[in-house]
Amino acid sequence: MNIFTKKLYILTEQNDTYRQLVESYQLPNLEITDNKQEAQIVLAAPPLLTKRLDKFPKLEWVQSVYAGIDALIKDSLRTDYLLTNVKGVFGQQIAEYVLGLSIEHYRHFNRYHEQQLRQQWQPHSYQTLSSKTMVIVGTGEIGSYLAQTAKAFGICTIGVNTRGIPKANSPFDQIYHIDELASAMAQSDIVVSTLPNTPYTKDVFNHQCFSGTNSILFFNVGRGNCVKQEDLLQALDSGNIARAFLDVFVQEPLPSEHPYWTHPNVTITPHIAAVSFPEQVAKIFADNYIDWEQGYTLQNSIDFSKGY
């Protein structure tokens with residue numbers, strides 16, 4: 001065995017699939033191991049790794065198979081290793097989720113399905129997405145992809161970030177600072193949160209933001225802690241929000257007694273707006289491994305102090 005061989009431990013919900021995919025790349029000086037004690041690299045689903053993190057004494061690098069790594073960003077957990085996540089593969093899925101459900105809402109497709117079951121022929125006036133204004137909170141890869149796709153439907157896009165300035169070749173029509181979120185939302189027809197789970201994003205969406213809106217669609221495809229739940233429910237009841245499409249929650253699975261389940265204007269999906277396809281994750285890992293072995297900076301590295 002080469003003295004420079006690195007050992008990889010796989011800890012996901014699809015270990016056999018990931019093993020086959022990684023092996024198919026025939027990565028140099030890499031061996032897959034079932035021994036935590038000798039692994040320098042872990043390819044993992046963060047929730048599965050959290051309680052096992054201290055079982056890897058030689059750990060140097062963790063490649064998350066998710067975009068979300070908040071399970072590993074806790075004060076009680078070690079941070080003496082490199083952490084990378086998955087980016088660049090979720091924009092298409094998020095765009096399909098947001099635009100698909102928006103079209104369904106404005107064109108009454110669910111209502112027509114219910115009428116079909118009753119053999120009821122009853123047309124309803126509808127709206128198109130053209131000329132709607134979409135506020136996208138979080139202007140990273142996912143938010144930017146969504147904004148670019150939304151433009152094809154004639155949607156005006158407003159991005160909200162922590163800088164308040166656009167990047168070069170920004171797909172957004174306007175950019176607001178996060179401190180101006182309420183002002184941005186007051187102009188919106190659709191609001192989409194793609195925010196990560198950090199101490200700075202907790203309860204960002206609250207009564208102050210919701211109170212200035214009028215019958216908007218609200219999407220949360222980021223993290224559950226960004227929304228103050230009681231304020232969202234109040235906004236739904238008052239008509240500030242016409243419908244909320246929620247894919248992420250503070251506690252998952254969502255408890256059976258939670259009021260979201262029975263609210264007539266809430267659509268719940270079980271954290272499926274964008275999922276990690278093993279083929280895509282394995283390619284990201286393989287590319288990162290080549291850089292890592294050659295001493296280059298890893299792509300999609302996480303800053304533990306920021307949480308993203």
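In what sense do strand 6 and strand 9 pair, and over how many bridges? In this predicted model, the two strands pair in the parallel sense, over four bridges.

- Five of the five residues of strand 6 are buried, so the strand is largely enclosed by the rest of the structure.

**Partners of strand 6**
- Strand 7 (residues 156-161) pairs with strand 6 in the parallel sense, over five bridges.
- The chain passes from strand 6 through helix 5 to strand 7, and this β-α-β crossover is right-handed.
- Ile 136 stands opposite Gly 159 in strand 7, and its bridge partner in strand 9 is Val 192.

**Helix 3**
- Helix 3 comprises 17 residues (91-107), which at 1.5 Å a residue should span 24 Å; the C-alpha atoms at its ends are 24 Å apart, in agreement with that expectation.
- Among the buried residues of helix 3 are Gly 91, Ile 94, Ala 95, Val 98, Leu 99, Leu 101 and Tyr 106.
- The elements covering the buried residues of helix 3 include strand 6 (133-137), strand 9 (190-193), strand 10 (216-220) and strand 11 (241-246), together with helix 5 (141-151).
- His 108 follows helix 3, and its phi is positive, near 65°.

Terms used: Residues are numbered from 1 along each chain as its sequence is written. This is a predicted model: local features need pLDDT of at least 70, side-chain atom pairs count only at pLDDT 80 or more; totals for chains, interfaces and linings use all residues. Side-chain values use heavy atoms; hydrogens and water are left out. The expected span of a helix is 1.5 Å times one less than its number of residues. Buried means under 20% relative accessible area, exposed over 50%, partly exposed in between (1.4 Å probe, protein chains only). Contact means heavy atoms within 4.5 Å. Two strands pair if DSSP finds at least two bridges between them. A crossover is right-handed if, with the strands pointing away from the viewer, the path from the first strand over the helix to the second runs clockwise.
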